[in-house]
Amino acid sequence: MGWWQIDADALAGGRFVVSPLTEAVAALKTLDRAAAAHPGERSWLEAHLPSYRSRLTIDPVDALLVRAALGPTWNADFVTPTPLGDGERSFEEELTAVRETDPVSAVGHLSVSLGGPVPEPLRSAADLPERMADILTWVWRETVLPSWPRRRRIIEADVVARTARLSRGGWAAALDELSPGRLRWLGDGRLQVNSRALPPRSVDGGRLLFVPVTTSRGWVSWEGTERYAVVYPCAGALADLEGPAVPEALGALLGTARAGVLVRLESPKTTSQLVALTGQGLGSVGRHLKVLLDARLVRRRRAGRSVLYSWTRAGETLVRAQA
């Protein structure tokens, strides 16, 4: 398995980062894979996949570049630059790292992502970084920017929830929940970042960054020994793009925000997922859940390190009665 050795100082200095470019790369990966993990992602794909495919048919070299850059086991490094982590930057500012990549280095990155020789015409193209920057700009403007305000709220809410989880359970608990099945805290300063047989990397002395995205898959990246990033999917991100409608009568009875929490609990969810889905703050969601628990409209149960909330029979009856 691939794992990182993280000393106490790097772990204590770890921080969450909002990255518009990383969100655009995540969207590109979803478009290229053309596979949805949940209904919200499926509706987004249905809206944008035809225009994305049309965009690639304009220039076959672009289509070949995307396939090579998003390889079967690794991303080309110049496509997924590690955020600086010293304050949020705009998409255009972050994209500079892609545009300014040396073309020869870009070909080398592609050989790693492909796991073999880079085919023509990519191998001799002198404008690969510029091409990729143009593709990412199209993805950002056409498929991400229109919904960026909501995506940003989901990301920020996820960060709030993760930070609270960190304060309660420490880094081991927080890291285990970032991407179940892929990321795992192994103890003794070791963080498993993937399941591939790669040599361990030492993060000692480097900056450790956690970058949430609203798509269903993440990845890791690093910049020399200076910065290491874990890109992870937000809890519940885009699975419920607008959320179920809150019946007017139920909203009048409970309040629109509290009713919005209740109607989402047909399937069990954690507090972190509710924060991400509703866009409400962690404190607000916690207060709503307490009221709903006291009223016996929801129940809670522990599943591993998580606490799941769901309807009681009374809660289900109340919501169903408004349908």
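Start by selecting Leu136: leaving aside residues up to four places away in sequence, its contacts are Leu21, Ala24, Val25, Leu28, Val79, Phe91, Leu95 and Val98, where contact means heavy atoms within 4.5 Å. Keep in mind that this is a predicted model, in which local features need pLDDT of at least 70, side-chain atom pairs count only at pLDDT 80 or more, and totals for chains, interfaces and linings use all residues. Residues are numbered from 1 along each chain as its sequence is written, and side-chain values use heavy atoms, with hydrogens and water left out.

Together with Leu136, they have the most contacts inside the largest nonpolar core, which has 52 residues. Such a core is a set of buried Ala, Val, Leu, Ile, Met, Phe, Trp, Tyr and Cys residues joined through side-chain atoms within 4.5 Å; buried means under 20% relative accessible area, exposed over 50%, and partly exposed in between (1.4 Å probe, protein chains only). H7 gives the most to this core, with nine residues. Apart from it there is another core, of 21 residues, including Ala10, Val159, Leu208 and Tyr228.

Next, go to the loop between helix H6 (103-114) and helix H7 (128-144), and pick Pro121. The peptide bond that joins Glu120 to Pro121 is cis, with omega near 5 degrees. The helix and strand labels on this tour are DSSP runs (helices H or I, at least four residues; strands E, at least two), numbered from the N terminus.

Asp188 sits between strand S3 (184-187) and strand S4 (190-194); it isn't a glycine, yet its phi is positive, at about 55 degrees. Asp188 counts as exposed because its relative accessibility is 70%. Then jump to Arg296, in the loop between helix H12 (282-294) and strand S9 (298-303). Here too is a positive phi in a residue other than glycine, near 60 degrees. With 64% relative accessibility, Arg296 counts as exposed.

Finally, zoom out. Of the 323 residues, 51% are buried. Among contacts with a separation of 6 or more, 67% are between residues 24 or more positions apart.
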